[in-house]
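I opened the coordinates today and kept notes as I went. The entries below follow the order in which I looked things up.

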Amino acid sequence: MEIRSFGYAYDAAFYWMLVLCLSFGCYAVALFVYRLAIHPLARYPGPVLGRVTDWYSVYHAVKGDRYQDLHRLHSIYGNVVRFGPNRISIADPEALKPIYGINANTQKSQFYSVFKHFFGASSTQTTINKIDHAQRRKVLSRLLSEKSLRDAENAVHDNFTRFCSQLGVPTDSEILQSNGNACSDAACWSPPRDIERLLSYLTFDIMGDICFGRNLGTLTSDQNRDLISILPEGAQGLLAVAHMPGMLKLRLENVLFPKLMAGLEKYKSCSKELTEICMREHACAAITKPSVMHSILDETDGIYRTKDGEVSTSALVSEASLLIVAGSDTTSTALANTIFHLLNNPKTLSALSSEIRDQFQHVDEIAPGKKLAECSYLRACIDESLRLSPPVPSLMSREVLPGGLQIGGNFFPAGTDVGVPHYTAHHSPSIFQNPYKFDPGRWRSGGATSEGSLSDLRSLQSAFCAFSLGPRDCIGKRMAYMEMTTILARLVWLFEMRLASTDYVESKEIQGRSDNSVHLQSSSIDVETELRKRDSATVDKFVSKVQGPWVQFRKRPRRLNPLDGQSKTTKGGLA
Ligand code: HEM
């Protein structure tokens, strides 16, 4: 009897399971049919999986190829692609203003709300409500203004000196010792360096100084270096979950992406630790170096305070987490990419070196100001690199507000997430001639491209979105240009650079090696192939990350007397 009653229990459980599965199956089929055939965005093309579920985006966020995938989708489906049930990507740079401009009928997408879930409060970047955001932005813009720029200038100079000492460029006496007397070519060059890694240390230490009043010392010690790879993992974790916040309710994120979530935990604890140090220093008036965070603590109005007027730790931690990555990873990626492009285009590098070396008599003169601003080729090289390899390469989602959004012949109803992927906009063939070519000439006013045709500067500028645009564009843009122009000009003034041979790039032990017998990479570099290789190796962690290039440095050739009216640089001995 007992056995039979068990049997009945099993049967009942089985039937219930069957009913559940069938109901779920029917629900899923109905949902898929709705999303593919009846949904208001049903007429827009895109991958089937993307049109029916956001797991498509989660997959690409975890894989780290979000921007490459969007670029591929546009090449298959055209300018407007539906890549999520409610998500539209538009490749046409003409859509930038209607989506991101000051009068756009959009707000930041709910995508950004996951940040609050993990950090307990929104940061300036992730605040969705327009009025709240305007208030926060006003404060942060003020704090990142002239005074911070001056502090940043000092931080750049101090850390740049430490950065140079990490390059391993042989000194005159080391060269002489290794050679007897003359300077053989091999002995003059430093061991190969992963420039992306070293620049990450540099910009991370600069941001530590500016934002938290403390040098994180990654240039000189191993202690905090793990943060350089952990923070982007955390940002990638946020990116993955943001596409499907529903998974947070089921706590699936830790099961599905344990590594990214561990990165996110460390990202949070690092932001918390830095914030708490600043809070302690502020509380006992023991501030050794003023910083953006300390100034935030001075703010007495409501943004960073609770209803009782107390400082809100979670509001500060979330702002700290934004500042740590917003200004460091982006700038180091931009600089590493610029060096990659310059080394693959030796004539451009040579033209840039001439501009910088002719403009400045001494490296210490290279500082923000009129003389540096006059180096228009320097700025053009940086802008061209930001175009070709934008550090934030993907799509910044905006939610369409009630009333909808008309872009060209397309209408998007309220609630749709829309955006223009930066990488794709920057490679638009209708605006950028030879879009895969590194051609800084196109950015000079009235300048000619390398093909000799005049570039239409205004249309290029209106398609340029590396810093986004409108009321949610990058607040740190001026600071970023200040850092990038100063660092690049100093590097080019002080050193000659060359790409290390591929054998070295493939060697894991490369960093510690003092062997200088390195050969120049083949002179017949296929620039576009190198670029495509770098693009496909790039991982989109909101900010893009890619190793290298591996670069060797040597001191620049000695200058002739600048008054002799001849060329001011010469080959041969070292300065
Ligand atoms: C080459 C360097 C940089 C690039 C390419 C860059 C790019 C961007 C982009 C694309 C956004 C918009 C993000 C979005 O819509 O979600 C942004 C926002 C932001 N960036 Fe940057 N950034 C750079 C450097 C910096 C620096 C040095 C700082 C200084 C701390 C900074 C601080 C910020 C802040 C606070 C925001 C949020 C602004 C807001 O939502 O109102 N960035 N950045």
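**Helix α8 against helix α23**

I started with a helix pair and found that α8 passes α23 in a right-handed crossing. I am working from a predicted model. Helix α8 spans residues 146-165, and its axis packs against that of α23 at an angle of about 30°, with the axes 10 Å apart. The pair therefore counts as roughly parallel, since the cut-off for that class is under 35 degrees.

I then listed the contact. On the α8 side I noted L149, A152, E153, V156 and F160; they meet R478, M479, M482, E483, T486, I487 and R490 in α23. Sorted by class, this contact has 7 nonpolar, 1 polar and 4 charged residues.

**E483**

I picked E483 from that list, as it sits in helix α23. Is E483 buried or exposed? I get 30 other C-beta atoms within 10 Å, so E483 is buried; the threshold is 20 or more. Leaving out residues up to four places away in sequence, I find E483 touching A152, V156, T203, I206 and T331.

**The stretch around F24**

I looked up the record for residues 12-34. UniProt, in an unreviewed entry, annotates them as "transmembrane region". In the model I find this stretch to be 100% helix and 0% strand. Its end C-alpha atoms are 32 Å apart.

**Helix α15 against helix α17**

Next I took α15 (residues 258-283) and α17 (residues 313-344). Their axes come within 8 Å and cross at roughly 110°. That angle makes α15 roughly perpendicular to α17, because the class runs from 65 to 115 degrees. The crossing of α15 past α17 is right-handed.

Which residues of α15 meet α17? I noted Y267, K268, S271, K272, L274 and T275. Their partners in α17 are T313, L316, V317, A320, S321 and I324. I sorted the residues of this contact into 6 nonpolar, 4 polar and 2 charged.

**C474**

The unreviewed UniProt entry also places a "binding site" feature at C474. I located C474 in the loop between α22 (457-463) and α23 (477-494). I count 17 C-beta neighbours inside 10 Å, so C474 is partly exposed. Apart from residues up to four places away in sequence, C474 touches F467 and S468.

The peptide bond from G548 to P549 is cis, with omega near 5°. P549 is in the loop between β11 (543-545) and β12 (550-555).

Two entries concern positive phi. F542 is not a glycine, yet its phi is near 80°. I place F542 in the loop between β10 (539-541) and β11. With 23 other C-beta atoms within 10 Å, F542 is buried.

N434 is not a glycine either, and its phi is positive at about 45°. N434 lies in the loop between α21 (422-426) and α22. It has 13 C-beta neighbours inside 10 Å, so I log N434 as partly exposed.

**Whole chain**

I count 25 helices and 14 strands in the protein. Of its 575 residues, 43% are buried. Among contacts with a separation of 6 or more, 71% join residues 24 or more positions apart.

How values were computed
Residues numbered from 1 in each chain as written. Predicted model: local features only at pLDDT ≥ 70, side-chain atom pairs only at ≥ 80, totals over all residues. Axes fitted to C-alpha atoms, helices over the stretch in contact; angles between N-to-C directions. Helix = DSSP H or I, 4+ residues; strand = E, 2+ residues; numbered from the N terminus. Parallel < 35°, antiparallel > 145°, perpendicular 65-115°, else oblique. Left-handed = near helix turned anticlockwise from the far one by under 90°. Contact = placed C-beta atoms within 7 Å. Nonpolar A, V, L, I, M, F, W, Y, C, P; charged D, E, K, R; others polar. UniProt positions renumbered as here; feature names shortened; annotations may be inferred. Buried ≥ 20, exposed ≤ 12 C-beta atoms within 10 Å, placed from the backbone.
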